[in-house]
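These are my notebook entries on a structure that was new to me.

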Amino acid sequence: MKNNLREILFNIAVLVGSFIIALFFGAIILLIAGVNPLVAYHAMIIRPISSIYGLSEAVVRAIPLMMVGIGISIAFRSKMINIGGEGQIQLGAIAAGATALALPGLPKVILIPVVILAGFTAGGIWGGIAGWMKAKLSVNEVLSTVMLNYIAFQIYLYLIRGPLIDPSELAWGTGVPQTARMPDSSIFQRLIQGQRIHSGIFIAIIIAFLVYFLLWRTTFGFRLRAVGEEPKAANYAGVKVDKYLVLAMILSGGLAGIAGSIEVIGVHHRVLEGLSANYGFSGIVVALFGRLHPLGVIPASFFFGLLLIGAEMMQRAVDIPSALVISIQGLVILAVVSSNLILENPKYRKKFLSFFVQKF
């Protein structure tokens with residue numbers, strides 16, 4: 001029990017310390033830019049957690065981050081690096097939007113699962129392509145997923161500017177690249193009146209627990225992790241390594257696709273440009289911060305959700321360029337993710353734990 005407590009204290013101390021170091025260097029940048037760091041950090045840290053709007057917006061951003069982060073964790077567990085979250089989100093969103101628009105007569109209890117399944121299928125196929133290329137053609141998955149992002153983005157733009165564009169935009173001559181509004185039967189209910197937080201948060205948390213059960217309580221999950229830990233030994237034990245590489249990428253891409261579909265039916269209610277908001281890339285950081293564990297991704301995604309909305313509030317409060325906000329945000333992310341090096345270093349861990357043994 002004491003050992004577990006010391007482990008938790010060690011992890012918290014390292015994470016808090018790295019966060020403070022990042023804020024210190026960020027303060028230097030703010031001073032150079034002529035901005036009071038105390039005012040900026042008050043807007044960045046305190047405002048998001050002291051208002052319903054800030055907390056609800058943090059959760060809204062945490063939902064897609066959680067889905068992508070869980071998917072990235074699955075891929076990493078099988079030693080596959082999925083950089084294609086952006087493309088998988090976009091294709092999941094477009095599939096969800098097209099399905100909802102094509103089936104407006106279905107009742108809500110059927111249409112929402114169908115729409116989510118459509119997003120999962122589209123993202124899963126896109127992720128599975130990279131997995132298949134890795135398994136059968138030995139194509140590096142980093143390169144293939146990055147290139148697939150570009151292809152997905154062009155498909156996405158073509159569809160919302162062409163076949164799926166809102167007919168009223170064409171009739172009015174505005175030509176805004178977006179689909180028509182989805183039917184009400186496909187839209188998530190808002191949890192708080194006047195805020196954007198929606199019931200997709202429950203789906204994201206349930207999926208996190210299901211993936212944890214899948215990875216650590218089933219034969220499938222054991223084989224998938226065995227492929228990532230030692231592929232030669234797994235192959236010798238009769239596990240079809242190629243098959244599990246493809247399946248890992250299908251699941252990873254599918255969850256990113258669900259992120260896209262939830263973003264459509266929960267937030268925007270139509271497919272439009274800029275929907276992804278770089279969640280596909282941020283989800284990689286979330287997965288690493290969550291120690292590549294589905295349950296660890298839950299608090300990690302909430303933390304990054306707060307960070308994203310905090311950065312926006314800081315920009316509005318002190319009126320600084322967005323590039324400066326991104327730089328400070330990057331410092332925090334870099335410091336927090338780098339803390340994993342210390343957390344996983346037996347030398348530092350031993351020193352810290354022995355210090356606590358002496359003191360307590």
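I began with burial: 50% of the 360 residues in the chain are buried, where buried means under 20% relative accessible area, exposed over 50% and partly exposed in between (1.4 Å probe, protein chains only). The model is predicted, with local features needing pLDDT of at least 70, side-chain atom pairs pLDDT 80 or more, and totals for chains, interfaces and linings using all residues. Residues are numbered from 1 along each chain as its sequence is written, and side-chain values use heavy atoms, without hydrogens and water.

I then looked up the secondary structure and found 15 helices and zero strands; these are DSSP runs numbered from the N terminus (helices H or I, at least four residues; strands E, at least two).

The largest nonpolar core has 94 residues, and L30, L255, I265, M314, I320 and V332 have the most contacts inside it. Helix α11 (residues 241-268) gives the largest share of this core, 13 residues. Such a core is a set of buried Ala, Val, Leu, Ile, Met, Phe, Trp, Tyr and Cys residues joined through side-chain atoms within 4.5 Å.

Leaving aside neighbours within four places in sequence, V332 is in contact with F19, A22, L23, M44, F303 and L307, contact meaning heavy atoms within 4.5 Å.

I also noted contacts across the chain: among those between residues at least 6 apart in sequence, 77% join residues at least 24 apart.

Last, I recorded the extent of the C-alpha trace, which spans about 75 × 60 × 35 Å along its principal axes.
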